[in-house]
Amino acid sequence: MSVLGLARAEVRALAPYSSARMEASGGAVLLNANESAWPPFGGGDGLNRYPDPQPRALLERLAALYGVDPGQVLVGRGSDEGIDLLVRAFCRAGRDAVLVMPPTFGMYAVAARIQGAGVVEVPLNASFALDVDALLAALTPEVRLVFACAPNNPTGGGVPRADLLRLAAALAGRALLVVDEAYIEFADAEHDFASVADALPRFDNLMVLRTLSKAWALAGARVGALLAHAEVIALLRKLMPPYPLPTPSVDAALRALAPTGEARMRDRIATIVSERARMATALRGMPCVREVLPAQANFLCVRFHAVAAAWAALQGAGIVVRNVTRYRGLADALRITIGMPDENERVLEVLVRLRAAVECSA
Ligand SMILES: *Cc1c(COP(=O)(O)O)cnc(C)c1O
């Protein structure tokens, strides 16, 4: 498979650490991993044992949910771990690079810098949209990974599937396209913002990051998935620590992902999407608001006439939002997560009091 040819040679050649749990097969008396034979003090049935490195039940559930084969799923500690593994496997320090499209999620560039890889920036266009032609024109031979955040954080904009698939095709044999779908559950599939996971069989250089941290309300459990060809998954597993997923996190994930949990998740998304529309409309009518960017995620990126005043007013009311003014093109913006309806109401009450644009800039 050509995409493995883009990986670091030493990683391809690496003989991975083989843990006791990987080598174990069957048996009722487990004396192979130096665990305690006794359960922990204070309860926690089963926690005396190391966890399954890639729990079968979780792989199968996620595969069904995302419409891929279990062999195309790698579960880890949030999608952050997937980003880190990809950079370590595909970027040689001092030689290779990743490509990012600011303003976007900061972890891609941070992971690259930790690895000693370069960072090529191709900014989103004036309306914060992906510009496929500009990206291809800026592509250098050093670029191994292209990160596309879809929907994008912190702007909230959706990225058309057609653009992503065109990009995957154009990058074939040259670089991997990593599509970060952390917010895809909140996106409008009917407007070409659906997941690209179904296109994995068509492109060996396509990787998709998914997470349970947002729509599934499990940020504290740290469970994310990388969807990719089985050969890429096998390569990344060589770099992964032996027991990445804590047992309580796996249990919490399986409980949330049960069919009843899935139905409730869909209802929750409907609530968030309708609150998002309500908030966007209300904010657009406020004099202190310059622009509410089109949103396909569970937050709004709001540009203010006087962002410092808006930030201070919210802070003063005990409402913490994300200050994104250091991001390219967003020097006047705050990122506001959609909360519960009464929390959203409080945001609107504070901002509506900043009556006029002049008052805002005072
Ligand atoms: C929140 C977020 C994630 C999720 O990270 P986890 O490590 O899975 O919690 C990934 N990508 C983006 C762009 C995000 O905003």
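Me: Buried means under 20% relative accessible area, exposed over 50%, and partly exposed in between, computed with a 1.4 Å probe on protein chains only. Is Phe128 buried or exposed?

Reply: The model is predicted, so local features need pLDDT of at least 70 and side-chain atom pairs pLDDT 80 or more, while totals for chains, interfaces and linings use all residues. Residues are numbered from 1 along each chain as its sequence is written, and side-chain values use heavy atoms, without hydrogens or water. Phe128 lies in the loop between β3 (118–121) and α6 (132–138), these elements being DSSP runs numbered from the N terminus (helices H or I, at least four residues; strands E, at least two). Although Phe128 is not a glycine, its phi is positive at about 60 degrees, and because its relative accessible area is 17%, Phe128 counts as buried.

Me: Asn34 also has a positive phi; what is its relative accessible area?

Reply: Asn34, which is not a glycine, takes a positive phi of about 55 degrees, and its place is the loop between α2 (20–23) and α3. Asn34 is exposed, because its relative accessible area is 79%.

Me: Which residue just after α3 takes a positive phi?

Reply: Helix α3 covers residues 56–66, and its buried residues are Leu58, Leu59, Arg61, Leu62, Ala63, Leu65 and Tyr66. Those buried residues pack against β1 (73–76), β6, β7 (224–227), α9 (247–256) and α10 (259–284). Just after this helix, a positive phi of about 70 degrees is found at Gly67.

Me: How far from a nitrogen atom of the ligand does a polar side-chain atom of Asp180 lie?

Reply: The ligand is surrounded by 14 residues, and the closest are Ser79, Asp180, Tyr183, Thr211 and Lys214; a residue belongs to this shell if one of its heavy atoms lies within 4 Å. Helix α4 (residues 78–90) supplies the largest share of the shell, 3 residues. For oxygen atoms of the ligand, the distance to a side-chain N or O atom is 2.7 Å at Ser213 and 3.3 Å at Lys214. For a nitrogen atom of the ligand, the distance to a polar side-chain atom of Asp180 is 2.6 Å.

Me: With which side chain does the side chain of Glu185 make a polar contact?

Reply: Glu185 is in the loop between β5 (176–180) and β6 (206–211), and at 14% relative accessibility Glu185 counts as buried. Leaving out residues up to four places away in sequence, Glu185 touches Arg210, Thr211, Ala215, Trp216, Met265 and Ile269, where touching means heavy atoms within 4.5 Å. A polar contact is a pair of N or O atoms within 3.5 Å, and within protein one must be able to donate a hydrogen and the other to accept it, with residues adjacent in sequence counting only if both atoms are side-chain atoms. At 3.4 Å, the side chain of Glu185 makes such a contact with the side chain of Arg210.

Me: How far apart in space are Leu206 and Leu164?

Reply: Leu206 lies in strand β6 and is buried, with a relative accessible area of 1%. Beyond four places in sequence, Leu206 touches Leu177, Val179, Val196, Ala199, Leu200, Leu227 and Ala228. Leu206 and Leu164 are 42 residues apart in sequence, and their C-alpha to C-alpha distance is 9.6 Å.
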